[in-house]
Amino acid sequence: MRRQTKYAILNISALLLCIAPPAAVTLIQFPLWVEKGRGATVSGLAVFLLFICAIPFFRTLKEYFKSPSAKMIWFVSLLVLWLLRTIIDEMVIVCAVGFVSNCIGALFFKWRDKYKASEVNGG
């Protein structure tokens, strides 16, 4: 398998590991559709959390985007929400999964960069 192919596979794997687990837990803990009266509306909190889950994807699209790492956002959110767990236990679960999956995704990104560096150096 070529280095470029390995790089692409690791990049996609890292993005999926950073986005899919927290997004899935968000949808489990906070249903996207909320029943209000006669119709259903989209849950603003679920949309907001899904946006947070997609941060690694947005960072990939915009490399110049200056912000704290996704891992740190999840870790700080986990700590703050842990203190408020009596109010929003579901958020603690979402942030914990997001933090762990982003740490694993970061390892895949570092692994991926090994193949990119080899391509640039003519390897």
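**Close-up views of a predicted model**

**View 1. Helix 1 and helix 2 cross at roughly 165°.** The axes of helix 1 (residues 3–29) and helix 2 (residues 44–53) come within 8 Å. Helix 1 is therefore roughly antiparallel to helix 2, a label for angles over 145 degrees. The crossing of the two is right-handed, a term for a near helix turned clockwise from the far one by less than a right angle. Axes are lines fitted to C-alpha atoms, for helices over the stretch in contact, and angles run from 0 to 180 degrees between N-to-C directions. This is a predicted model, in which local features need pLDDT of at least 70 and side-chain atom pairs count only at pLDDT 80 or more, while totals for chains, interfaces and linings use all residues. Residues are numbered from 1 along each chain as its sequence is written, and side-chain values use heavy atoms, with hydrogens and water left out.

**View 2. The protein chain holds five helices and two strands.** Their order along the sequence is α-β-β-α-α-α-α. Helices (H or I, at least four residues) and strands (E, at least two) are DSSP runs, numbered from the N terminus. Of the 123 residues in the protein chain, 29% are buried. Buried means under 20% relative accessible area, exposed over 50%, and partly exposed in between (1.4 Å probe, protein chains only).

**View 3. Arginine 112 and aspartate 113 form a salt bridge.** Their side chains meet at 2.9 Å, N to O. A salt bridge here is a side-chain nitrogen of Lys or Arg within 4 Å of a carboxyl oxygen of Asp or Glu. Arginine 112 is buried, at 13% relative accessibility, whereas aspartate 113 is partly exposed, at 35%.

**View 4. Lysine 114 lies in helix 5 (residues 89–120).** Lysine 114 has a relative accessible area of 47% and is partly exposed. The C-alpha atoms of lysine 114 and arginine 3 are separated by 9.3 Å, although the two residues are 111 residues apart along the chain.

**View 5. Phe75, Val76, Leu79 and Val80 form a nonpolar surface patch.** Together they have about 320 Å² of accessible area, calculated by the Shrake-Rupley method with a 1.4 Å probe, where for residues only the protein chains shown count as cover. Patches are made of residues with over 30% relative accessible area and no salt bridge; nonpolar side chains (Val, Leu, Ile, Met, Phe, Trp, Tyr) are joined within 5 Å, and like charges within 9 Å. Valine 76 lies in helix 4 (residues 70–83) and is partly exposed, at 43% relative accessibility.

Terms used: Angles under 35 degrees count as roughly parallel, over 145 as roughly antiparallel, 65 to 115 as roughly perpendicular and the rest as oblique.
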